[in-house]
Amino acid sequence: MNDSFPEEVALRTETDIVVVRKSVREAAIRLGFGITDVTRIITAASELARNVFLYAGSGVVRCRVVSRSDQVGLELIVEDHGPGIADIDRAMQPGYTTGNGLGLGLPGAKRLMDEMEIESEAGKGTKITVKKWRKGT
Amino acid sequence: MERSPARGVVLDVSAVESLDSFFARTIAETTRMVGLMGGHTILTGMRPSVAITITQLGLTLGKMRTALTVDRAFHILRDGSQPVQNHE
């Protein structure tokens with residue numbers, strides 16, 4: 001069912017986070033990730049989606065299959081038009097939060113995934129791209 | 001806790017496929033509230049994939065008492081005439 005990629009989930013309410021988790025889970029399983037990697041990907045997606053909901057109010061999560069030489073992976077793009085991240089370096093420090101969270105979302109999502117890229121502009125919004133490559137064959 | 005003479009609360013997460021920091025915070029807050037009411041909270045049934053993931057995420061749930069199964073948790077609560085020793 002490759003035609004269902006890329007998938008896009010709009011984040012408007014808190015329950016949309018559940019939809020994100022579900023759709024990312026299905027995509028990761030379809031791509032053949034093992035159970036622990038599936039859990040890592042769902043958890044990272046959940047952290048990033050929660051951030052959108054908390055800081056920007058709304059946004060979108062896109063999920064697609066990516067490939068490089070002999071590997072395939074899953075890419076998640078989490079984008080919002082919220083206030084942006086003022087200090088990305090600080091936001092990446094475990095325990096740092098401008099809200100009242102635990103401050104684990106961004107650094108945690110980075111550890112759970114293989115690659116992470118943050119583009120953010122004050123007042124314009126934030127775009128976070130994360131990738132996980134499937135190991136083995 | 002209020003309505004019954006309960007010694008504690010067992011939170012079984014065996015059906016939980018993923019646990020993020022928000023959920024972890026809810027668990028930690030529940031544990032604190034139960035503790036304030038004189039009870040112990042025991043988290044049970046965590047899947048290996050979830051344990052690996054939340055550790056990597058940076059969640060410690062350090063003070064959480066855990067058990068492999070609900071049966072063991074009840075056992076701990078029943079025999080815990082001396083207070084259950086929390087880690088840390």
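1. The buried residues of α2(B) are Val50(B), Thr53(B), Ile54(B) and Leu57(B), where buried stands for 20 or more other C-beta atoms within 10 Å of the residue's own, exposed for 12 or fewer and partly exposed for what lies in between, with C-beta atoms placed from the backbone. They span an arc of only 90 degrees around the axis, which puts them on the same side of α2(B), the arc being that of the directions from the helix axis to the C-beta atoms. On the other side of α2(B), Pro48(B) and Thr55(B) are exposed. An α-helix has 3.6 residues a turn, so residues three or four places apart point the same way.

2. A remark on the basis of these points: this is a predicted model, in which local features need pLDDT of at least 70 and side-chain atom pairs count only at pLDDT 80 or more, while totals for chains, interfaces and linings use all residues. Residues are numbered from 1 along each chain as its sequence is written, and chains are lettered from A and ligands numbered from 1 in the order in which they are written. Helices (H or I, at least four residues) and strands (E, at least two) are DSSP runs, numbered from the N terminus.

3. The buried residues of α2(B) pack against α1 of chain B and also against α2 and α4 of chain A.

4. Just after α2(B), Gly58(B) takes a positive phi of about 105 degrees.

5. Over the two chains, 19 residues of chain A are in contact with 14 residues of chain B. On the side of chain A that touches chain B, the elements giving two or more residues are α2 (35-56) and α4 of chain A, and α2(A) gives the most, with 9 residues. By class, that side of chain A has 7 nonpolar, 7 polar and 5 charged residues.

6. The largest nonpolar core has 36 residues, of which Val24(A), Ile41(A), Ala45(A), Ala49(A) and Val61(A) touch the most other members; such a core is a set of buried Ala, Val, Leu, Ile, Met, Phe, Trp, Tyr and Cys residues joined through C-beta atoms within 7 Å. At least two residues of this core come from each of β1 (7-11), α1 (15-30), α2, β2 (59-68), β3 (71-80), α4 and β5 (125-133) of chain A, and likewise from α2 of chain B, while the largest share, 9 residues, comes from α2(A). Leaving aside residues up to four places away in sequence, Val24(A) touches Ile41(A), Ile42(A), Ala45(A), Cys63(A) and Leu76(A). Apart from this core lies another, of 5 residues, among them Val10(B), Leu11(B), Ala73(B) and Leu77(B).

7. Chain B has 3 helices and 3 strands, and from the N terminus on its elements run β-α-β-α-β-α. Of its 88 residues, 24% count as buried. Among the contacts in chain B with a separation of 6 or more, 79% are between residues 24 or more positions apart.

8. A point to check in the loop between β2 and β3 of chain A is Ser69(A), which has a positive phi of about 25 degrees although it is not a glycine. Most residues other than glycine have a negative phi. Ser69(A) is exposed, with 4 other C-beta atoms within 10 Å.

Conventions
Contact = placed C-beta atoms within 7 Å. Nonpolar A, V, L, I, M, F, W, Y, C, P; charged D, E, K, R; others polar.
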